[in-house]
Amino acid sequence: QGDGADAVLSRSEDAINSGDLDIALAELDTLPESARAALVDWQASARARLAAHVAVDQLAQSLHAK
């Protein structure tokens, strides 16, 4: 609970462990910019992974629709 960095990081870690990168990224976005700066590379990788999952899901749906 709370808005402190420890609480935010804990919630983000829980979301990651649950496989929910969207929630993890949303939590990290609430950190102050100085704290987010340390996570820029990780966040970029996580967003790329989410985009890849979306693309795979869309491809699978289009293949099943035919």
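Let me begin with S12 and its contacts, where contact means heavy atoms within 4.5 Å: leaving out residues up to four places away in sequence, S12 touches A24, E27 and L28. S12 lies in helix α1, and helices here are DSSP runs of H or I with at least four residues, while strands are runs of E with at least two, both numbered from the N terminus. With a relative accessibility of 3%, S12 counts as buried, a word that stands for under 20% relative accessible area, whereas exposed stands for over 50% and partly exposed for what lies in between, using a 1.4 Å probe and protein chains only.

Before I go on, a word about the model, which is a predicted one, so that local features need pLDDT of at least 70 and side-chain atom pairs count only at pLDDT 80 or more, although totals for chains, interfaces and linings use all residues. Residues are numbered from 1 along each chain as its sequence is written, and side-chain values use heavy atoms, with hydrogens and water left out.

Now to the overall picture. The secondary structure of the protein comes to four helices and zero strands, and along the sequence this reads as the pattern α-α-α-α. How does the radius of gyration of the protein compare with that of a compact globule of 66 residues? The globule would have a value near 11 Å, but the protein has 15 Å; the radius is taken over C-alpha atoms, and the globule rule is 2.2 Å times the number of residues to the power 0.38. Along the principal axes, the C-alpha atoms fill a box of roughly 50 × 20 × 15 Å. Of the 66 residues in the protein, 18% are buried, and of the contacts between residues at least 6 apart in sequence, 21% join residues at least 24 apart.

Let me turn to how the helices pack. Two packed helices are described by the angle between their axes and the distance between the axes. The axes are lines fitted to C-alpha atoms, for helices over the stretch in contact, and the angles run from 0 to 180 degrees between N-to-C directions.

Helix α1, residues 5-17, packs with α2 at an angle of about 170 degrees, and their axes are 7 Å apart. That angle makes α1 roughly antiparallel to α2, given that angles over 145 degrees count as roughly antiparallel, those under 35 as roughly parallel, those from 65 to 115 as roughly perpendicular and the rest as oblique. On the α1 side the contact is made by V8, L9, R11, S12, A15 and I16, and on the α2 side by L21, I23, A24, E27 and L28. The residues of this contact of α1 with α2 divide into eight nonpolar, one polar and two charged, where Ala, Val, Leu, Ile, Met, Phe, Trp, Tyr, Cys and Pro count as nonpolar, Asp, Glu, Lys and Arg as charged, and the others, Gly among them, as polar.

Helix α2, residues 21-28, also packs with helix α4, residues 40-65, at an angle of about 150 degrees and with the axes 10 Å apart. The helices α2 and α4 are therefore roughly antiparallel to each other. Which residues make this contact? From α2 they are L21, D22, L25 and L28, and from α4 they are W42, Q43, A46, R47, R49 and L50. These residues of the contact of α2 with α4 divide into six nonpolar, one polar and three charged.

Is Q43 buried or exposed? At 6% relative accessibility, Q43 counts as buried, and, leaving aside neighbours within four places in sequence, Q43 is in contact with L25, L28, D29 and R36.

Finally, let us follow the chain into the loop between α2 and α3, where L31 is found. L31 is buried, with a relative accessible area of 4%, and, not counting residues up to four places away in sequence, L31 touches A5, V8, L9, R36 and L39. The C-alpha atoms of L31 and A5 are separated by 6.5 Å, although these residues are 26 residues apart along the chain. A5 itself has its place in helix α1 and is partly exposed, with a relative accessible area of 39%. P32 is also found in the loop between α2 and α3, and at 49% relative accessibility P32 counts as partly exposed. E33 is found in helix α3, residues 33-36, and is exposed, with a relative accessible area of 61%.
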